[in-house]
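Work through the exercises below with the sequence and the 3D view at hand. Each task is followed by a solution in steps.

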Amino acid sequence: MRLLCTHLHVSFPSSTGSVPALRDLSFATRDGEFLTFVGPSGCGKTTLLRVLAGLLSPGAGRVERITGPDDHNPSVLLVSQEHNLFPWMTAAANVAFGLEMQGVLRNEREARAQELLARLGCAGKERAYPNQLSMGMKQRVAVARCFLSDPAVMLMDEPFAALDFQTRMVLQQEVLDLWEQDRKSVVFVTHDVEEAILLSDRILVLSEGPGTVVAEYEVPAQRPRRALLEMNGELWELKRHILESLRLAAGTARYACAR
Amino acid sequence: MRPLQFIAARFWLLALLLAVWQVLAARRILDPLFFPPPSKVGETLAAMFVSGELGRGLYATLMRTGLGLLAGVVGGGLVSILLCVSPRLRTAAQPLVSALYSTPRLTMLPMVMLVFGFNEMSRLALVALSAGLVIVIQISDAVRAVSRDYVDLATNYGASRAVIVRKVYLPACLPQIFTALRLCTGRALVLTISIEMMSSNNGIGSMIWSAWQTFATEKLYASVMVAACLGLLTGPLFHLLERRFVPWRSVQA
């Protein structure tokens, strides 16, 4: 499935009228592409993903979901930054939630959830409740639930932002490995430029809020990738360009506000 | 900690106070007419048990509390559902519920009797009203406190409204539902015994009041002790139920 967004505008009501979060934002995903948005905090990244997930309707503009012939499950699922596990369900039940909603029978969905948890190094944690899991384990469970539901597009909102460096690297690798199996489209959001380069095929830079796309980069690296991606000269150059775009984007917004 | 140590750590102060009281009463430093020694109170309690007086009193009080609670919890639950479904009704009902909640329950007994008559129905109705108010207030708070994130999460995975109620709202509110049940059970017990003291010829409250009227102080202390024990038992009872039905809350990392 491809997502086609045209001229999205989103604002939130506030005491002094309304605060714009996204401004004239247009882009399209490609089939099987790992697309990442980078942007400064407050650029409307979370808002964008909520619009893409269908949880928020844009004030203006539209999101089209263009289904292809092999999209059996035309859903668009979001992995958010936190509060993404039900505290009253065990890890296995959380992972199996998507299958449960699809009507898969209990035995089958539990077996598949356990298999995936074991693959992610969470064997023995199936019966644990989220408050017994470490931050890394929680995010694994959330990612596992998303992959197990096999959506047409996956949306990930800084899923590793709250993790320490080592855990983050492990999870990045796990997500890369899981993704390599089917290569469904992913829209990923992060403020970490190196993470964006490591994971994505294409990177879009958002301006400081209200967010809009200010630059676009292709990532010239081979797949499959390793989480310890060797930053060769070309990739360093890319990182420098992206950081420069971010700096300019922040400047533009300030300039626009000052005017 | 071993069971014996556990008991010793909790009850030594109580045992000490009882022992001091026993000695003071036995040596007549305390007037035994006003402060009969604990051993005498114990004997009276045993006699009340053997004669069946205690059993009848307990039965009457527990039946009243139980039936009132049942009616109140069911009624309160239904009203809560109504208020959750209709925000307009909720807004309009809020002042009424708050006013009723802040009125001391016992002061409503005469009015309830004007409605239902001078009979058992009035007593049950007041206990039910008291329990229902706790349920309505706690549950509508709990429902409003359910995080939008969990509703969004379920919606994102394609859950219908009915599924969201069953899979998100219900479990999210369960801890507070148990708190509400524990609260209203304690209050129902207190209220039942108070009502019995004022207007009943059976139950623990009535036993306390008639012991006072006839100045049977040993019986008085014995009955009050029974009332205290009833109240004490509700805590652990609900603790056990909560551990069984809200497991994610009691387990910690």
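**Exercise 1: a helix and its surroundings**

In α1(A), the buried residues are K45(A), T47(A), L48(A), L49(A), R50(A), V51(A) and L52(A). The model is a predicted one, in which local features need pLDDT of at least 70, side-chain atom pairs count only at pLDDT 80 or more, and totals for chains, interfaces and linings use all residues. Residues are numbered from 1 along each chain as its sequence is written, while chains are lettered from A and ligands numbered from 1 in the order in which they are written.

Task: Decide whether helix α1 of chain A is enclosed or open.

Solution. 
Step 1. Helices (H or I, at least four residues) and strands (E, at least two) are DSSP runs, numbered from the N terminus.
Step 2. Helix α1 (residues 45-52) has seven of its eight residues buried, so the rest of the structure largely encloses it.
Step 3. Just after α1(A) comes G54(A), with a positive phi of about 85°.

**Exercise 2: a strand and its partner**

Task: Find out how many residues of strand β4 of chain A are buried, and which way β4(A) runs relative to β1.

Solution. 
Step 1. Strand β4 (residues 60-66) of chain A has seven residues and the number buried is zero, so the strand lies largely in the open.
Step 2. Two strands pair if DSSP finds at least two bridges between them. Strand β1 (residues 2-14) of chain A is joined to β4(A) by six bridges, and the two run antiparallel.
Step 3. One bridge can be located by residue: L3(A) has R65(A) in β4(A) as its partner.

**Exercise 3: the domains of chain A**

Solution. 
Step 1. Counting two residues as in contact if their C-beta atoms, placed from the backbone, lie within 7 Å, 10 residues of domain 1 touch nine residues of domain 2.
Step 2. On the domain 1 side, helix α6 (residues 165-182) of chain A gives the most, with five residues.
Step 3. That side divides into eight nonpolar, one polar and one charged. Here Ala, Val, Leu, Ile, Met, Phe, Trp, Tyr, Cys and Pro count as nonpolar, Asp, Glu, Lys and Arg as charged, and the others, Gly among them, as polar.

**Exercise 4: where the chains touch**

Task: Which elements give two or more residues to the side of chain A that touches chain B?

Solution. 
Step 1. In total, 17 residues of chain A are in contact with 15 residues of chain B.
Step 2. The elements asked for are β5 (76-79) and α3 (97-101) of chain A.
Step 3. The most comes from α3(A), with three residues.
Step 4. By type, this side of chain A holds 10 nonpolar, seven polar and no charged residues.
Step 5. For the complex, the predictor gives an ipTM of 0.88 and a pTM of 0.83.

**Exercise 5: one residue of chain B**

Task: Place E120(B) in its chain.

Solution. 
Step 1. E120(B) belongs to helix α6 (residues 120-145) of chain B.
Step 2. E120(B) has 14 other C-beta atoms within 10 Å and is therefore partly exposed.
Step 3. Its C-alpha atom is separated by 40 Å from that of A25(B), 95 residues apart along the chain.

Technical notes
A residue is buried if 20 or more other C-beta atoms lie within 10 Å of its own, exposed if 12 or fewer, and partly exposed in between; C-beta atoms are placed from the backbone.
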